Amino acid sequence: MAVKEFEKPELKDYSPIPKLVVEATSHLAPFKSKEEFQKSLGYPGELVENWQDIALNKMGDLLKKYRSLRVYMDSCIQCGACTDKCHYYLGTKDPNNMPVGRQNLMRGVYRKHFTLPGKYFPKLVGAIDLTREVLDDWYSYYHQCSQCRRCAVFCPIGIDTAEVSMAAREIMDSVGVGQKYCNEIIGKVHKIGNNLGLPEPALADTLEGLEEDVVDDIGVDVKFPLDVKDSDVLLVTPSADFFAEPHVDGLIGYAKVFHQAGISWTLSSHASEAANFGMFIGSYDNMRKLALRIREAALELNVKRIVFGECGHAWRVAYSFLNTLAGPFDFLDPRYPVPQHICEVTHDLMNKNVLQFDKTANDDKIITFHDSCNVARASNMGDIIGGQFSLPRDIIKATTNNFYDMEEETIKEKTFCCGGGGGLLTDDLIELRMKGAQPRMEALKRVIEEHGVTHMAAICAICKSQFSKAFQYYGFELDQIISLHNLVGDALIMNKKEL
Amino acid sequence: MSFVTIFYGISFYVATLILFIGVAYRIYEYSTIPAPLKIPTPPAPKTKPLVAIRIFREVVFFESLFSATKWTWLFGWLFHFALLLAAFRHLRYFTDPVWTWVSWEIVQAAGHYAGYVMVFGLFGLLARRIFVDRVRYISNPSDYLMLILIISIAISGLMMKWFHTDIYAVKQFFIGLMYFSWTELPNDFILLLHLSLVLLLMIIFPYSKLLHAPGLFFSPTRNQTDTARDQRHISDWAKSLESKK
Ligand code: SF4
Ligand code: SF4
């Protein structure tokens, strides 16, 4: 199926709240997962016959397992405070992309089947039956949510639409309606160890190639070790870092940091993926299985620390969930938090003067920083409040001379999602992705006009891929999106360490 | 004993039971459902006392709402704050002898003027529902009716200032209900309207979006500490997955 043409949003100097357009993107839905991929995750291959009963049962089950879901179904006052906070609403104008609009697709069913007023006065409270049309709406609009949690920051009750989207996706999977992109990828990680299905020999080959590149480039023999037992650090990084641009420059940056600091490290072919798409489909079980691979790798390689590379939702799962899902990690060095973010490692070494930088190496660039939603709103760094905002900025300021933030309303905990998170980074959703990128692109355009910004640094594999596309689409240059550790790698003074 | 007295007497017993048992049951439900993962939103505090301060600020100042939309915040906050003041004023009907601070002139006067502020705030919220296209889109009939109900309670309450009601008898009635020695309720239309609407509100509370009041305290994005790396946060049902290894 070819993706239909769609109208290109214009980037404005001031971003007004758009008037809503009913069903503006009801035609958008990702490809459905094929039978074999559904089955390998333990879901039915196609829509089962008594799907309504099963879906409602599953919903009842989740309402008892997740307090968030139950409290959020009950507590929304329909106040509208969240209605203009979602980048997908701002970009598509579809009212079902207002966070509360999205929630109401499920809340209507909840009221009908789980509350008294909904049962007896459905019209009064907007209760609806779970019909085929409603299921289709769910499939469409719960895949137009990147689970970025921007809405949750503004809601007076703290209602997190991501929790609702995750539950909806899990309910749909349980009746055989899964999303191709996510479920295929999860299958690959279960089988091979990474999202790309890159087997060990190919990975070893790629890393060798990188070593050669770096030697050619700077004349220092920086290693990219794979499966080296008894290393200090197990680095778990998104597989896009192995070959995609601009991700790979980030990986080179991490390697240079470890090299310069004299920290022995290794990648693992068993856990060659930081991303955990189990979260996107709301499946605790899948998320846990993927997380356990990391535990197994750490045990097998007998490392002392686990460090994660630049990836937004991976860091959410790592920081917020890994200990719960796959802990306790009492076999690791207790002096370090488990796991650590590469920015925490770099920041720490920087503060201890183990790393020295020549900022002028980045003088050809004027930098702004994109706070990735999952890092900004679902994790922390450095164990200080707001560390997830200050650590990356400290690193940028230590490695460059020119840094400007975008507008306050579009950064830190109010950051806009890139438009491709939450398992939506697939070509069948390109219209949604480009429209959802609009708020970020507008903020970027303004900081470019005001301060002559040339590059945007990011610490998320999905953001980087999404922006590579969106930049071209909106008339920026492809290479204006860079990895934060690219800046680090370029400015790092090698082989002059004074420990 | 008049029919009106018996009817309202029984109704208040029933409504009070529904309200308290209903809300207590919801709170029981919320507190027994696990939150299996750490999902606090920033700025997430690390300790429980700091969480308490965070919730306090949400409850008292509506901080998140303030950062989201100033108009809704203004109308919503005025309404809730005025409701609190009006409730203080009403305590004189349920305490005998009246608690000293409730009898203070300032509390009584504030409670009276708060009635007007409430109506103002509620009309503001209603206007947003009607005139802002996004809020209109999400509004169900119950959302309008809820506002109209509370507006009617406030206005009928204020009207008793203008049309004489035997307030002392009303107080005797409620004190009588509380100590199970009933007295007659005055048969005034405005009073009975006011009380009927309050009864309705009490009954629907545990079945409606008014549950946002207890809900806020149980919202994991706001009430969790940010200690995911320090401690495991495993729920009972998730633990059973581990034994299946
Ligand atoms: S801000 Fe929260 S309470 Fe208000 S409409 Fe949105 S989800 Fe509901
Ligand atoms: S989580 Fe993000 S994408 Fe989903 S509704 Fe909220 S703001 Fe929109």
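Predicted model: local features only at pLDDT ≥ 70, side-chain atom pairs only at ≥ 80, totals over all residues.
Domain 1 of chain A brings 24 residues to the contact, and domain 2 of chain A brings 31 residues. Between them the domains bury about 2,300 Å². Carbon and sulfur atoms account for 57% of this area. On the side of domain 1 of chain A, the most area is lost by His87(A), Tyr88(A) and Arg150(A). Together these residues make up 22% of what that side buries. Three helices of chain A each give two or more residues to this side: H4 (87-92), H9 (150-154) and H10 (161-174). By class, the side of domain 1 of chain A that touches domain 2 of chain A holds 10 nonpolar, seven polar and seven charged residues.

Chain A also meets chain B. Here 77 residues of chain A are in contact with 62 residues of chain B. The buried area is about 5,600 Å², with 58% from carbon and sulfur atoms. Arg67(A), Tyr284(A) and Thr324(A) supply 13% of the area that chain A buries against chain B, more than any other three residues. Five salt bridges are counted between chain A and chain B. Asp383(A) forms a salt bridge with Arg229(B), and their closest N and O atoms are 3.3 Å apart. Polar contacts between chain A and chain B join 35 residue pairs, both residues at pLDDT 80 or more. Helix H15 (residues 312-326) of chain A gives the most to the side of chain A that touches chain B, namely nine residues. The residues of that side divide into 38 nonpolar, 18 polar and 21 charged.

Ser268(A) sits in the loop between strand S2 (265-266) and helix H14 (284-301) of chain A. Ser268(A) counts as buried because its relative accessible area is 2%, and the cut-off for buried is under 20%. A polar atom of the Ser268(A) side chain lies 3.0 Å from the backbone nitrogen of His270(A). Leaving aside residues up to four places away in sequence, Ser268(A) touches Leu226(A), Asp227(A), Leu234(A), Ala297(A) and Leu301(A).

Key
Residues numbered from 1 in each chain as written. Chains lettered and ligands numbered in written order. Heavy atoms only, no water. Helix = DSSP H or I, 4+ residues; strand = E, 2+ residues; numbered from the N terminus. Buried < 20%, exposed > 50% of the residue type's maximum accessible area, 1.4 Å probe, protein only. Polar contact = N/O pair within 3.5 Å; in protein donor to acceptor, adjacent residues only side chain to side chain. Contact = heavy atoms within 4.5 Å. Buried area = accessible area lost by both parts, 1.4 Å probe. Nonpolar A, V, L, I, M, F, W, Y, C, P; charged D, E, K, R; others polar. Salt bridge = Lys/Arg side-chain N within 4 Å of Asp/Glu carboxyl O.
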